Amino acid sequence: MHNSTEELFCLPCDTDSRREGLPLYCMFDFIVGNLTTVPPKHSTGWRTMPFHLITIPLLDGTGAVNRTEIAGGEGFESNSGDMIFIPAGVAHRISDLRNDPPPRSLWMHFRLRVLENFDVLSFYDLPYRIPAECNGVLRQLLERLIAMPRHLDFTGTLEQQLTGLNFCAELLRFGSRRSGGSGKTDFNLRRLQPVLKRLSASVTLPPIRSLAGSVNLSPSRFLAVFRETMGMSPGQYFETGRFRRAALLLMRENCSIGEIADMLGFCSPFHFSNKFRRIAGVSPSEFRRQHAGSAGNPSA
């Protein structure tokens, strides 16, 4: 029997054993994905997507299954089981080379966010192609995500988050963080957090002087720090976020093009459609046709 007067001992705390991280609050977003059969002579056409794309062509037999072209770069061919990664914002075209029998495509559009809307993968250089013999774990995790039901309860949502974060962690093993002082970048990320939140919540670009003042920087210094940390200007960051919000509304809501333009702060539906087409390569109506409710969309 335990003696209450007996002195209790525990190991002393070793401060070197603690691990302290940034308050990033990671969030995995499964946008849309499925396993689909590709139509004969299928090509996505040139397009730019607001979310990252992972796709794996599947076909019994040997030989190249499809060809991927990246704007400003060289194209490459993929065999069955190879994983293709296209970062958000990169213009590309995927054309299938085999039509009989038609290949299948295991695919997903996704993103990994921290600080609400900051895109983690934009900090990393990742290969466009990961060979089949190297991507076994990634494929298993992708198949698990694809197999989950459309509407998730608490347990399912938790499983999706954990699986998605595991998928992203495995994917990042194949890349490298872009050069630059990580300590300085981490400090700047902390400092810019109020600005990133404000840009994500705004329908119009706030004045630069106001953004700079919220983090106690002069406008010129703020612009330099923002570009150094984010790789783009505040205006570009704002427009990228607005493009993503527009894409989600087109994919998931029944709002008219005019209503979406109004919600996102565009002066007219024409202005919204014009800007969206310049970025995505297709009109908002065509994007909606391709992707809205597109659980079976073969275009990946």
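## A helix pair

Arg 289 is exposed, with a relative accessible area of 59%. Exposed means over 50%, buried under 20%, and partly exposed in between (1.4 Å probe, protein chains only). Glu 286 is partly exposed, at a relative accessible area of 26%. Arg 289 and Glu 286 form a salt bridge, with the closest N and O atoms 2.7 Å apart. Here a salt bridge is a side-chain nitrogen of Lys or Arg within 4 Å of a carboxyl oxygen of Asp or Glu. Both residues sit in helix H9 (residues 284-291), three residues apart, which means about one helical turn separates them. Helices (H or I, at least four residues) and strands (E, at least two) are DSSP runs, numbered from the N terminus.

## About the model

This is a predicted model: local features need pLDDT of at least 70, side-chain atom pairs count only at pLDDT 80 or more, and totals for chains, interfaces and linings use all residues. Residues are numbered from 1 along each chain as its sequence is written, and side-chain values use heavy atoms, leaving out hydrogens and water.

## A buried network

A search of the whole structure finds 10 salt bridges. One of them joins Arg 111 to Asp 29, at 2.8 Å between the closest N and O atoms. Arg 111 is in strand E7 (residues 104-114) and Asp 29 in strand E1 (residues 27-37), 82 residues apart.

Asp 29 also meets Arg 113 in a salt bridge (2.5 Å, N to O). Arg 113 lies in strand E7 and Asp 29 in strand E1, so this pair ties together parts 84 residues apart in sequence. Asp 29 is buried, at 13% relative accessible area. Arg 111 is buried at 12%, and Arg 113 is buried at 17%. Shared partners join Asp 29, Arg 111 and Arg 113 into one network.
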